[in-house]
Amino acid sequence: MQVIENSKVKETLYLEKLENGLTVMIIPKKGMKKKYMIWGTNYGSNENVFIVPGENEKTEVPNGVAHFLEHKLFEQENGTNSLDTLTALGVDANAFTTNDMTAYLFGCTDNFYPAMDELMDYVQNPYFTDENVEKEKGIIGQEIMMYDDSPDWKVYLNAMQILYHNHPVKIDVVGTIDSISKIDKEILYKCYHTFYNLSNMAIVVCGDFEPENILEEIKKRLKNSKANGKIQTFYPEEPDTIVKEKIEQKMEVSQPMYTIGIKVKPTDNPEEMVKRDMAIQILLELLVGKSSPLYKKLYDEGVISGGIGGSYEFSENYAHVLISGQSNDPEQVYSRIKQEINRQKQEGISENDFNRIKKKLYGEYVKDYDDVENIANMFLTNYFMGINSFDYLNQIDTINVEYLKQLLNDVFKEEKMVISIVRN
Amino acid sequence: MNYTKKEIKKGIKLHVLNTDKFKTNLVAVFLTTKLERETVTSNALISAVLRRGSHTLKTQEEISKQLEELYGASFDCGIDKTGDNQVLKFYIESINDTFLTQSNENILKKSIENILDIIFNPLIENNAFKKEYVEQEKNNMKLRIEGRIDNKRRYALDRCIEEMYKGKPFGLYRFGYVEDLKNINEVNLYERYQQLMKQCKIDIFVSGNVNEEVENIITENQNIKKLEEREPSYNTESEKNTVKQGKKIEKMDVMQGKLVVGLDVNSQNEDEKYNVMIYNTILGGSANSKIFQNVREKANLAYEASSRYFRYKDNIFVNCGIEISNYEKALNLIKEQLKDMKNGNFTEEEVENAKKAIISSIKTIDDEQDTSITYYFGQEMSGNQKSVDEYIERIGEVTKENVVQVAKQVEINTIYFLRN
C-alpha cells in the first residue's frame with residue numbers, strides 16, 4: 001500500500017490500486033467511534049452517451065438513469081431491500097448521485113463487517129425487473145416534485161440552463177417525469193455493466209482501523225472481475241459563450257432569490273484544478289465575503305440582509321463560479337458585483353487582505369479533517385478528478401497575489417456572467 | 001472524553017468537554033429564558049443586533065476580519081426553542097494551536113475573548129444600542145420571519161406545531177412576529193437586553209483539547225466578572241396543549257402537498273421516554289419503519305415519509321410529501337400504522353433493530369463537538385443526569401410490551417396539510 005502522510009493535519013492516507021482496477025483508500029482516525037465506508041463509481045448524471053465495452057456503436061440513454069440506478073441497486077433477488085437489511089443492523093446507510101458520481105455508503109459504531117458484507121454484495125449484484133423498475137417511477141416522481149417546490153434548487157438549475165448550451169451538467173440529476181418514464185431494466189443493466197466495473201470505482205474507509213486488515217476484508221468480498229479499461233464517454237460540443245444573460249421564474253418566495261453564474265473554461269490538469277479552486281475561493285471572499293467592502297455597503301444599504309454565498313464547481317469538462325443569495329433587488333446586486341470586479345481589476349489586490357483570507361482558507365481545510373464521513377467523501381470526490389485531498393494543504397502556499405490577479409482577469413469576465421432569479 | 005460542570009457564579013455554569021479527538025475547539029454560550037409572547041421578538045432581535053458589533057469590534061467588518069485572522073474561526077448564532085424556553089445560542093469554532101503554521105498564538109483564548117465580548121460587551125451609544133443597527137436588523141428580522149414560507153416542508157411542520165399549541169408558549173415562532181417590530185427601538189431593546197442579562201440562565205461550553213487554563217480564561221474575563229449572580233428565570237416544566245382533533249388545510253403555490261400529523265404521546269414519566277424513542281423508530285424513524293415501508297415502498301405515494309420525536313414536548317410528528325389527490329390515501333395509511341402499533345403488529349426483531357440504531361447514534365455523540373454540547377445541554381435542561389452508558393443501558397432494557405403500552409397512549413392531535 002502507498003502511505004501518504006500529511007504533517008499539517010497529522011493524518012495518513014493508505015492507498016492501494018488492486019489488479020482488478022479498484023482503488024481502495026483508508027484514512028485511520030484513532031479514537032473515533034464512528035466507522036464509515038463509501039463505495040463510489042465515477043459515473044453520474046452527465047454520462048449519457050457512451051460506448052458499452054465490447055460494442056462499437058454509441059449508446060444514448062434518457063436523463064436521470066444514474067440516479068434511477070442508485071435507487072434500484074438496493075433491490076435484491078430474494079425480495080429483500082439492502083437498505084432495510086443495513087438499517088436492521090443498526091447502521092446508517094444511504095446513497096447519492098451527483099452530476100459526476102454515484103456513491104453507496106454507511107456509517108456505524110457496531111456491525112461494521114456485516115454491513116460491509118451487505119454493501120459489497122448489493123453493489124456487485126444488481127437485480128432489476130420490469131415490475132420493480134416501474135414501481136420506482138412513482139417514488140422518484142415525488143422526489144422530482146419535492147425539488148420542484150424548492151426555490152433554491154430551481155434558481156440554481158435555471159442558472160445552469162443559461163450558462164450551458166448543450167453540456168449535460170445543465171440537466172437535473174434526477175431527470176424529469178418524462179425522461180424517467182422511458183427507463184427500463186435493459187437500460188439499467190447496460191449502464192451498470194459499463195460503469196460499475198471495478199476499474200471505474202473506488203472505496204474509501206475512515207475510522208479507527210488497521211489499514212492492512214481493512215484492505216484484506218475488502219479483497220475477500222470482491223467478486224472476480226477484470227478491468228475493462230477506459231470507458232469512452234461523449235459530451236456534446238459546448239461553446240465558450242453563455243446562452244443568454246438572464247432568466248426569471250415565478251414561485252412563492254418571501255424575497256427574490258438569485259444565482260449569478262460565471263462560465264469558466266475547464267482544465268483537466270489536477271494540479272491546476274486545485275490551485276484554481278483555492279484561488280477562486282480567495283477571490284470570492286475578497287469580492288463578496290463578510291469582510292469585503294461590497295458586502296458592507298450592500299448590507300448597510302439594505303440591499304441584502306444575509307450572506308452572499310460563493311462557490312466554484314468543476315470537473316474535467318465543465319467549470320463555473322456561482323454566487324447566490326436573497327435580495328429585494330437582485331439586479332442591483334448583480335451590477336454592483338460587476339462593478340466591484342472591475343474595481344479590483346483596476347486597483348489590484350492588497351497583500352494584507354490576501355494573507356488574511358489565506359489564513360482563513362487554511363483553517364477551513366484543517367477543519368475538514370474532524371469528521372469521518374466528511375473525510376471519506378472528500379477523498380472520494382477528489383480522487384475521481386485525479387486529486388489527492390492533501391494537495392490542497394500542500395499547495396496553498398503556492399498561491400500568490402500575482403496568480404489571483406491573473407485569475408481575476410481570466411475567470412471573472414463580464415461576457416461570461418449570467419443571473420437567474422426566482423421571485424413572486 | 002472527560003466532562004466537568006461547574007457553577008462559576010449562581011446561575012452561570014461552565015461545562016468543559018475535554019477531548020483530544022478534534023482539530024478544533026468549540027466554544028458555545030447559551031442564554032436561556034422563558035418563551036413568552038411579550039419578549040419573543042425582542043430576544044430574537046437582540047441576538048441579531050449583538051452580532052453587528054461590540055464595544056471592542058464596532059462593525060461586522062471588524063468582527064469578520066478578526067475571525068479571518070484567527071485562521072477562519074467561525075462565529076455563528078441562532079435561536080432555538082427548548083421546551084417552553086427560548087435559547088439564544090452563540091458559537092465560535094477555531095482550530096487548535098497544534099495545527100497552526102506558526103505556533104503559540106493561543107487561538108482558543110482569543111476566540112473566547114471575542115465571543116464573550118460580542119455577547120456581554122455590546123456597542124452602546126447614549127445608553128442605548130446603536131440606532132442604525134437596530135433599525136437595519138428590524139428590517140432583516142421582518143424578512144427572516146416572512147422567509148418562513150421559502151422552505152415548504154419546514155413551514156408545514158412549524159404550522160402544525162403552531163396549531164397544536166395555539167396560545168401556549170411552544171406555539172410561538174422562535175424568531176417572533178412582524179407586528180411587534182414597529183414598537184421596538186434602540187432604547188427599549190437595550191432595556192430588554194439588560195433585563196435578559198440579569199435574569200437568563202447562562203451556560204458556557206468549551207469542547208476541545210484544553211487544560212485547566214480554560215477555566216481561568218473564563219472566570220478572569222472582565223465581561224464574566226461584571227455579570228451578576230442570578231436566580232435564573234426559565235421554564236423547567238412545559239405546558240401541555242389543549243387542542244384535540246385539530247385539522248387545518250392551508251393553500252400555497254406548491255407542486256406537492258406536505259402532510260404533517262402531530263401526535264400526543266402522553267408519557268407518564270421521564271423514564272417512559274426511552275420507550276417512546278423505540279416506538280418512534282419503528283413507526284417512522286428509519287428506512288425499515290412502518291411509515292416508510294407502507295407509504296413509500298409499498299404504496300409509492302411519497303419519496304419522503306418519516307416521523308420525529310420531540311422529547312421535550314412529548315410529541316411525534318409524521319411528515320410526508322405527496323400528490324395532493326393522495327391526501328386521504330396517505331392519511332389512512334398513517335392511521336393504519338398507528339393502529340398496527342397499538343395492536344402489537346410488529347416483531348421483537350424490529351424492537352431489537354430499533355435499539356441498535358438508537359444505541360449507535362448515542363455512541364457517536366462524542367464524535368462530534370456540537371452534538372456533545374447539545375447532549376449535555378439537554379441533560380442540564382431536563383435535570384436528568386444520565387451518562388452515555390446509563391442511557392445505552394436504559395434503551396437496551398425496553399421490551400415489546402413497553403412499546404405497545406406507548407402505542408396505546410398515542411393519540412392524533414392535529415392533522416395539517418399544505419396544498420395548492
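This is a predicted model: local features need pLDDT of at least 70, side-chain atom pairs count only at pLDDT 80 or more; totals for chains, interfaces and linings use all residues.
Residues are numbered from 1 along each chain as its sequence is written, and chains are lettered from A and ligands numbered from 1 in the order in which they are written.

Chain A is assigned domain 1 (2-220) and domain 2 (246-423), with bounds that come from an automatic or database domain assignment. The centres of domain 1 and domain 2 of chain A, taken over C-alpha atoms, are separated by 28 Å. Contact between them, defined as C-beta atoms, placed from the backbone, lying within 7 Å, involves 37 residues of domain 1 of chain A and 32 residues of domain 2 of chain A. Among the elements that each supply at least two residues to the domain 1 side are strand E1 (2-6), strand E8 (102-108) and helix H5 (151-163) of chain A, where helices (H or I, at least four residues) and strands (E, at least two) are DSSP runs numbered from the N terminus. The largest share of this side, 10 residues, comes from H5(A). By class, the domain 1 side has 21 nonpolar, nine polar and seven charged residues; Ala, Val, Leu, Ile, Met, Phe, Trp, Tyr, Cys and Pro count as nonpolar, Asp, Glu, Lys and Arg as charged, and the others, Gly among them, as polar.

The contact between the chains takes 47 residues from chain B and 49 residues from chain A. On the side of chain B, the elements giving two or more residues are helix H2 (60-69), helix H4 (131-146), strand E11 (302-310), strand E12 (315-322) and helix H13 (348-363). The residues of this side divide into 15 nonpolar, 16 polar and 16 charged.

Most residues other than glycine have a negative phi. A:Asn111, in the loop between E8 and helix H3 (112-124) of chain A, has a positive phi near 60°. B:Asn300, in the loop between helix H11 (290-298) and E11 of chain B, has a positive phi of about 50°. A:Asn111 counts as partly exposed because it has 19 C-beta neighbours inside 10 Å; a residue is buried if 20 or more other C-beta atoms lie within 10 Å of its own, exposed if 12 or fewer, and partly exposed in between. B:Asn300, with 18 such neighbours, likewise counts as partly exposed.

Helix H1 (residues 40-50) of chain B is largely enclosed by the rest of the structure, because 11 of its 11 residues are buried.

Notes: Two residues are in contact if their C-beta atoms, placed from the backbone, lie within 7 Å.
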